[in-house]
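Work through these exercises with the sequence and the 3D view open. Try each task before you read its solution.

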Amino acid sequence: MSKRIELKSLDVYYKAFLAVQDVSMVIEPKAITAFIGPSGCGKSTLIRTLNRMHEVIPGARVEGQLLMDGEDVYGPDVDPVRVRRQVGMVFQRPNPFPTMSIKDNVLSGYKLNNSRMSKAEAEEITEKALVGANLWNEVKDRLEKPGSGLSGGQQQRLCIARAIAVEPDVILMDEPTSALDPISTAAIEDLAVELKEHFTVVIVTHNMQQASRISDMTAFFNIAGSGLPGKLIEYDKTEKVFSNPTEQQTEDYVSGRFG
Amino acid sequence: MTTQLNSSFRGTQDLPKWLSPTLLVSFFLASFGLQVLIASDSDSAAINFIPVAIFGLLGFTVAIYVISRVIEGVRKATDRLVTIMVSTAFSLALIPLLSLAYTVVTKGVARFDAEFFTFSMRNVVGEGGGALHAIIGTVEITGIATLISVPIGIMAAIYLVEYGRGTVARLVTFFVDVMTGVPSIVAGLFAYALFVIFFGPGVRMGLGGAIALSLLMIPVVIRATEEMLKIVPNELREAAYALGVPKWLTVLKVVLPTSLAGIATGIMIAIARVIGETAPLLLIAGFTASMNYNPLNERMMTLPVFVYTSYANQGVDMQAYLDRAWAGALTLMLIVMVLNLVARLISKYFSPKG
């Protein structure tokens with residue numbers, strides 16, 4: 001169910017612009033890995049390369065190697081659509097499909113791909129995903145209502161339910177709580193901790209307390225200046241990064257003395 | 001202290017609410033009275049309402065501005081002045097619209113009867129007869145034009161928004177812009193020239209009318225659909241991609257349903273725009289007094305052409321021809337109105353809820 005991701009000197013380009021330079025790291029399965037760093041340092045760009053979502057932007061490309069359980073994600077015969085079916089993603093702003101009910105939103109990974117399933121199967125998947133996203137009790141009586149009628153935090157958990165309903169190996173979260181209030185944030189954080197029982201979880205966050213609260217490993221990214229590529233500065237166990245970092249830059253950033 | 005603080009927020013005195021409407025009415029009455037006096041003074045008995053409106057409005061504007069400026073201050077006086085100007089502009093824009101609707105309804109209702117909707121003009125001279133042949137023709141020709149334009153228009157818009165990059169897309173956009181400005185008679189000539197190639201000179205055919213109309217309709221559909229597809233948030237596309245949904249399914253099952261209401265409205269507007277076209281249909285669909293259900297054969301009457309010919313070639317019983325023309329115009333207006341209602345219903349039931 002959960003896979004180990006290995007990055008080998010990965011460079012990410014937008015056309016000629018080098019956005020992220022030379023990242024090598026191993027993301028462990030059944031753990032939460034947090035990406036932290038200042039805005040524009042390329043952490044969102046990097047997380048989008050993990051499921052080949054950055055290719056949606058014209059001109060974006062990757063050099064280097066990205067292995068998932070030893071399999072090359074950027075191999076010549078790899079279909080990005082198949083990669084994305086195994087790597088779920090949750091975005092910064094909750095984005096449930098406005099034309100669909102709550103239930104259809106959860107099942108959208110199947111329905112949009114035209115896969116057929118029995119009614120019982122559909123109900124089982126819906127319940128399992130919503131229970132997994134800690135949303136079942138709140139919405140079980142209104143599964144046929146539109147998903148956009150939920151609160152922001154509920155919508156984000158609906159998006160997580162949608163991502164885990166297709167049973168991926170990896171869940172990527174790109175600042176999943178930055179648009180939410182503290183209570184919804186806490187709910188999502190608890191959920192992330194539960195999710196790591198089954199999935200490889202990668203989370204991008206601007207909130208360092210969040211990273212230290214929930215993650216097992218932390219990667220710190222930084223840029224030397226605008227227009228320069230982002231680089232991986234330090235990658236270690238979360239306690240180490242926050243209490244006793246090796247690099248001066250990391251210490252400045254996590255202690256708030258940045259700039 | 002608090003009273004002082006409050007007083008700094010206090011403005012000047014307001015005019016009482018009844019003053020403005022009362023002034024307006026009294027100035028119009030005064031202006032009307034003045035006109036009556038002038039009319040009785042000179043020999044012409046008729047009262048001209050245009051000066052009544054102009055002088056009444058001018059007097060009211062000056063009076064309310066001066067009063068407001070003295071009592072309420074400069075800011076509120078300016079506010080009132082601009083409000084009057086905006087309302088006047090709005091009323092001016094509304095006058096021709098209401099006048100047109102009123103004229104068409106009052107004149108059209110004379111022949112808006114069962115016979116009008118059940119008879120053609122075959123062997124009718126003078127009174128009687130109907131426009132069934134024209135209604136059938138309009139419905140068939142516009143229907144075929146819609147069937148041609150909607151798939152082409154929507155798919156072209158999908159190409160432009162979702163796939164088109166670089167030179168080809170820019171060229172398509174440019175030609176769509178050019179096509180929007182093509183005069184309708186040119187579209188008619190094009191359809192005629194096209195059909196002459198296959199059927200020889202002098203060809204008249206309902207299908208040709210549909211081709212001409214779809215030529216006018218396609219750019220409108222493309223433009224409307226393009227705008228609607230562009231406002232579908234990119235986050236929804238990304239959400240679908242991240243679930244491993246291929247691009248074509250994302251477009252088909254996420255982007256199109258989300259923008260369906262707007263696209264439907266755009267299509268209805270495009271239909272309303274071409275259903276009243278006369279010139280191209282006169283050229284290629286032609287004129288006939290008989291029923292013709294077959295758009296692939298012979299001349300086919302349409303409502304705009306019916307209105308035009310009834311008016312242009314009046315027979316002996318002149319009034320009968322004029323009444324038929326007005327009834328035809330009324331029918332056309334009602335069809336457009338029904339289409340608009342349908343568009344509103346569609347956008348009500350299909351737009352994303354939440």
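The exercises below use a predicted model.

**Exercise 1. Strand pairing in chain A**

Task: Find the strands that pair with β4(A), and say how they run.

Solution: 
- Start with strand β1 of chain A, residues 5-14. Eight bridges join β1(A) to β4(A), residues 60-68. The two strands run antiparallel.
- Y14(A) stands opposite A60(A) of β4(A).
- Now follow β4(A) to strand β5 of chain A, residues 71-72. Two bridges link β4(A) and β5(A), and this pair is antiparallel.
- Look at the facing residues here. E71(A) in β5(A) stands opposite M68(A).
- Finish at the turn. The hairpin of β4(A) and β5(A) has two residues between the strands. In that hairpin D69(A) takes a positive phi near 50°.

**Exercise 2. Two helices of chain A**

Task: Decide how helices α7(A) and α8(A) are oriented to each other, and list the residues in their contact.

Solution: 
- Locate the helices. α7(A) covers residues 152-165 and α8(A) covers residues 182-195.
- Take the geometry. The helices pack at an angle of about 20°, and their axes are 9 Å apart.
- Apply the cut-off. Angles under 35 degrees count as roughly parallel. α7(A) and α8(A) are therefore roughly parallel to each other.
- The crossing of α7(A) past α8(A) is right-handed.
- List the contact. α7(A) gives G152(A), G153(A), Q156(A), R157(A) and I160(A). α8(A) gives S184(A), A187(A), I188(A) and L191(A).
- Sort by class. The contact has four nonpolar, four polar and one charged residues.

**Exercise 3. Where chain B touches chain A**

Task: Describe the side of chain B that touches chain A, by element and by class.

Solution: 
- Count the partners. In the contact, 20 residues of chain B meet 26 residues of chain A.
- Find the elements. Those of chain B that give two or more residues are α10 (234-242) and α11 (247-275).
- Pick out the largest share. Seven residues come from α10(B).
- Split by class. This side of chain B has twelve nonpolar, three polar and five charged residues.

**Exercise 4. The domains of chain B**

Task: Work out how far apart the domain centres of chain B are, and what the domains share in contact.

Solution: 
- Domain 1 of chain B is 10-109, and domain 2 is 116-350.
- Take the separation. Over C-alpha atoms, the two centres are 42 Å apart.
- Count the contact. Four residues of domain 1 are in contact with five residues of domain 2.
- Classify the domain 1 side. This side has two nonpolar, one polar and one charged residues.

Key
Residues are numbered from 1 along each chain as its sequence is written. Chains are lettered from A and ligands numbered from 1 in the order in which they are written. This is a predicted model: local features need pLDDT of at least 70, side-chain atom pairs count only at pLDDT 80 or more; totals for chains, interfaces and linings use all residues. Two strands pair if DSSP finds at least two bridges between them. Helices (H or I, at least four residues) and strands (E, at least two) are DSSP runs, numbered from the N terminus. Two residues are in contact if their C-beta atoms, placed from the backbone, lie within 7 Å. Ala, Val, Leu, Ile, Met, Phe, Trp, Tyr, Cys and Pro count as nonpolar, Asp, Glu, Lys and Arg as charged, and the others, Gly among them, as polar. Domain bounds come from an automatic or database domain assignment. Axes are lines fitted to C-alpha atoms, for helices over the stretch in contact, and angles run from 0 to 180 degrees between N-to-C directions. Angles under 35 degrees count as roughly parallel, over 145 as roughly antiparallel, 65 to 115 as roughly perpendicular and the rest as oblique. A crossing is left-handed if the near helix is turned anticlockwise from the far one by less than a right angle, and right-handed if clockwise.
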